[in-house]
Amino acid sequence: MNDTPKDLTAIVFLKDGVLVRGFRDDTPVGELKETIRSFQDNGLDKIILFDLSDDDAEHEKNLHTIRQVADISEIPVYVGGNINDLEDIKKILYAGCRKVILNALKARTKELAEDGAQRFGKERLALSIFNVNVFFKQKEDVEHHISELIVLDERLAGTMSNVTEIPYTLLMENAAPEKICSVLQSDENIQGVSCSSFVEEPEKVPGLKQYLKARGVCADHLTSSMEWGSFKLNSDGLIPVIVQDYRTNEVLMLAYMNEEAYETTLAIGKMTYYSRSRKELWIKGMTSGHFQYVKSLTVDCDNDTILAKVSQVGAACHTGNRTCFFQDLVRDENTDKNLLEVLEQQYRVIRERKDHPKKGSYTNYLFEKGLDKILKKIGEESTEIVIASKNSDKENVKYEIADYLYYLMVLMAEKDISFEEVLEELVLR
């Protein structure tokens, strides 16, 4: 088996700020955040966006959506289409995208590739090609300035290795698994493929990765650093797995794995366990839809317990609760100082006041007065922080910061911004 993982890539197109299916198919692919999370949770390895804008106004709309995609996505985002100058390259890279894709058919590509590589590095540039002859004519001029090709005609798969050693991703029509497997085995320079079915039915990607792995094609980016035989198992030949939400670190559940469950988890990227009561394998969420997508697996110091951090869809518990650990036995109310939990709890109360107004509530008074009132209070409180800080009064500074955070959360609720969205933005910085 070739151990270099092959990428399975989602290629989508941008028209008037909306993700659509193809060059000629302007059918929207779905709600933005849900679509991007579906791509990454189902094991797609990168996202390529092509901007199909016809004018500057539409281009700006598409750039706004590109920034949103880059904010949401945890897998690399490449962007092509309507890249005309260094400013376009800069906007896309500064938005958080991994690479910019230049167009081999454009007259300025040679110059733009050279200037772009000099300013941003060749590893940030790729080149899309439809016609191998067009590429061949400018091969020596551009291949020193780009790191990857996006080949948009699958008929070129058999000829690319004769033209260049630059790795490439191949766009294929809706392809059967055996055809994808054959293409990935045909050329060592091919680093991945994209099919329209990856966008239309991303939930089938984990099964495709299993199919490829069974035939010697490594498309599995979840590779364990330990063999199953290195774990210390319990008397039933199982290892317990503690499951946490990867964003909040909330403990969701405890389950068990046998070797088959562990290997299946690695292969499909969805948490898979062994049911001790039913004596069978079960993929979490297969009946409820509440899948757990693997973000990391860590073993403890004794090699006898696994900690899984996951992206949890819906509830982890069969009761419908977010976590299986929802029944308090003992709780000291004064010990809960987890910053994010405290802020989230306060934010939930504020959102509750917005959604279900309570008579006499000051928070509701702010919402009733509107945005200008909220912004006025934020301005006042920020000034109070400055004054308190200048006076070197630590206790007063803490008091004013707490007030400021309250008004900030009111603004977040007014603008429908969650802490999760703010944290995602911070991660990019």
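## Strands S10 and S11

Strand S10 (residues 239-245) runs antiparallel to S11, joined by 6 bridges. Ile239 has Met257 as its bridge partner in S11. Strands here are DSSP runs of E with at least two residues; helices are runs of H or I with at least four, and both are numbered from the N terminus. Two strands pair if DSSP finds at least two bridges between them.

This is a predicted model: local features need pLDDT of at least 70, side-chain atom pairs count only at pLDDT 80 or more, and totals for chains, interfaces and linings use all residues. Residues are numbered from 1 along each chain as its sequence is written, and side-chain values use heavy atoms, without hydrogens and water.

## The open sheet

The sheet is open and has 4 strands, ordered S11-S10-S15-S14, with mixed pairing. S11 (251-257) and S14 (292-299) are the edge strands; each has a single partner strand, so one side of each lacks a neighbour in the sheet. On average, neighbouring strands are turned by 30 degrees against each other, direction ignored.

Helix H11 (residues 259-268) lies across S11, S14 and S15 (306-312). H11 runs at about 120 degrees to S14. Angles run from 0 to 180 degrees between N-to-C directions, and axes are lines fitted to C-alpha atoms, for helices over the stretch in contact. Contact means heavy atoms within 4.5 Å.

## Helices H13 and H14

H13 (residues 362-369) packs on H14 (residues 371-390) at about 120 degrees, with axes 5 Å apart. That angle makes H13 oblique to H14; angles under 35 degrees count as roughly parallel, over 145 as roughly antiparallel, 65 to 115 as roughly perpendicular and the rest as oblique.

H13 contributes Tyr362, Tyr365, Leu366, Phe367 and Lys369 to the contact. H14 contributes Leu371, Lys373, Ile374 and Lys377.
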